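Subject: Structure for your files, with notes

Hello,

Here is the structure you were expecting. My notes follow below it.

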Amino acid sequence: MDEKKEMTIEESFAALDDMVKKLESDKISLEESFRLYEEGMKLVKDVSGRIELVEKKMQIIAGNGETEDFE
């Protein structure tokens with residue numbers, strides 16, 4: 001059973017930071033650069049969607065029944 005554990009948002013940002021460091025290295029092949037870029041873009045899309053979901057969940061219902069943004 002090889003299930004991938006979903007990374008937290010913080011873990012995702014750390015992984016993206018690591019990818020950027022590798023991409024900035026002059027010891028990485030072009031093929032590896034493309035692979036890391038593609039993986040990073042997928043991770044950015046996933047994290048962005050999860051952050052939007054958190055923002056939506058942070059809305060509160062006001063006393064009059066209307067929603068207000070949590071600030």
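What pattern does the protein follow, read along the sequence? The pattern is α-α-β-β, from two helices and two strands. Please keep in mind that this is a predicted model.

Some totals to begin with. The protein has 71 residues, and 14% of them count as buried. Taking contacts between residues at least 6 apart in sequence, 46% join residues at least 24 apart.

Two packed helices are described by the angle between their axes and the distance between the axes. Here the axes of α1 (residues 9-24) and α2 come within 10 Å, with a crossing angle of roughly 155 degrees. Angles over 145 degrees count as roughly antiparallel, so that is the description that applies to α1 and α2. The crossing of α1 past α2 is left-handed.

On the α1 side, the residues that meet α2 are Ile9, Ser12, Phe13, Ala15, Leu16, Met19, Lys22 and Leu23. Their counterparts in α2 are Ser33, Leu36, Glu39, Gly40, Leu43, Val44, Val47, Arg50, Ile51 and Val54. By type, the residues of this contact divide into 12 nonpolar, three polar and three charged.

Helix α2 has 28 residues and runs over residues 30-57. From its first C-alpha to its last it reaches 41 Å, close to the 40 Å expected at 1.5 Å a residue. Its buried residues are Ser33, Leu36, Gly40, Leu43, Val47 and Arg50, and what covers them includes α1.

Two residues are worth a separate entry.

Met19 lies in α1. Its relative accessibility is 7%, and since buried means under 20%, Met19 counts as buried. Leaving aside neighbours within four places in sequence, Met19 is in contact with Leu36, Glu39, Gly40 and Leu43.

Ser33 belongs to α2. Apart from neighbours within four places in sequence, its contacts are Leu23 and Ile28. Leu23 is among the α1 residues that meet α2.

That is what I have for now.

Regards

Key. Residues numbered from 1 in each chain as written. Predicted model: local features only at pLDDT ≥ 70, side-chain atom pairs only at ≥ 80, totals over all residues. Heavy atoms only, no water. Helix = DSSP H or I, 4+ residues; strand = E, 2+ residues; numbered from the N terminus. Contact = heavy atoms within 4.5 Å. Axes fitted to C-alpha atoms, helices over the stretch in contact; angles between N-to-C directions. Parallel < 35°, antiparallel > 145°, perpendicular 65-115°, else oblique. Left-handed = near helix turned anticlockwise from the far one by under 90°. Nonpolar A, V, L, I, M, F, W, Y, C, P; charged D, E, K, R; others polar. Expected span 1.5 Å × (residues − 1). Buried < 20%, exposed > 50% of the residue type's maximum accessible area, 1.4 Å probe, protein only.
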